[in-house]
Amino acid sequence: MVNSQASSVPPAPRSCAGCGGKIADRFLLFSMERYWHTRCLKCSCCQAQLGDIGTTCYSKGGMILCRSDYIKLFGACSACGQSIPANEMVMRAQGNVYHIKCFSCATCRNRLIPGDRFHYINGTIFCEHDRPGAALHNSHLAPLQSSSVLTDQKVC
């Protein structure tokens, strides 16, 4: 025999992963194995309410991202144009993101590693040895920059 009272009992209120408050709203979102108020599931970069802009969101390193910001931060390698998986470490220079294997000198093609010094000139990477001529270096080039490996960091 079925207990008709058990089926009429409302489910226990869920807690929002964003604000911690109880969700009593008519609509709620379920993402990353957690429940959210529609107003609380926001992009970590642009603060857009993700339920309002689509049915997909991305997560990396504790950040929740809209598609646009995910692609800007982690989407495509600036050297080869191929996508970069969410779990892959990357190299960054001047706001561009690269596969580790693609971050190399435009002249000698040697891959640059963390700690190497390099020049970034008009979107092109040069190792310290292959930097453009000394005359240009003294008047037109930005100072040397250190490369760095970044993973799961907010760079908005």
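Colleague: What makes β9 and β10 a strand pair?

Modeller: Four bridges join β9 to β10 in this predicted model, and the two run antiparallel. Pairing requires at least two bridges. Four bridges meet that, so β9 and β10 count as paired. Tyrosine 120 is one case: its bridge partner in β10 is isoleucine 125.

Colleague: Why is β9 called mostly covered?

Modeller: Four of its five residues are buried. Buried means under 20% relative accessible area.

Colleague: Which residues have the most contacts inside the largest nonpolar core?

Modeller: Ala93, Tyr98, Phe103, Leu112, Phe118, Tyr120 and Ile125. That core has 15 residues. Two or more residues each come from β7 (90-93), β8 (96-99), β9 (117-121) and β10 (124-127). The largest share, three residues, is from β7.

Colleague: What does isoleucine 125 touch?

Modeller: Leaving out residues up to four places away in sequence, its contacts include Tyr98, Phe103, Leu112, Phe118 and Tyr120. Ser104, Cys105, Ala106 and His119 are also among them. A contact here needs heavy atoms within 4.5 Å.

Colleague: How do you know that cysteine 43 is in no disulfide?

Modeller: The nearest cysteine sulfur, that of cysteine 46, is 3.7 Å away. A disulfide needs the two sulfur atoms within 2.5 Å.

Colleague: Why is cysteine 43 called buried?

Modeller: Its relative accessibility is 0%. The cut-off is under 20%, so cysteine 43 counts as buried.

Colleague: And what about cysteine 57: how far away is the nearest cysteine sulfur?

Modeller: That sulfur belongs to cysteine 43 and is 9.6 Å away, so with a limit of 2.5 Å cysteine 57 is in no disulfide. By this rule the disulfide count comes to zero.

Colleague: Why is cysteine 57 called partly exposed?

Modeller: Its relative accessible area is 24%. Buried is under 20% and exposed is over 50%, so 24% falls in between.

Colleague: What is the average pLDDT of the protein chain?

Modeller: The average is 76, and 78% of the residues score at least 70. Where pLDDT is low, predicted coordinates should not be read in detail.

Technical notes. Residues are numbered from 1 along each chain as its sequence is written. This is a predicted model: local features need pLDDT of at least 70, side-chain atom pairs count only at pLDDT 80 or more; totals for chains, interfaces and linings use all residues. Side-chain values use heavy atoms; hydrogens and water are left out. A nonpolar core is a set of buried Ala, Val, Leu, Ile, Met, Phe, Trp, Tyr and Cys residues joined through side-chain atoms within 4.5 Å. Buried means under 20% relative accessible area, exposed over 50%, partly exposed in between (1.4 Å probe, protein chains only). pLDDT is the predictor's confidence in each residue, from 0 to 100.
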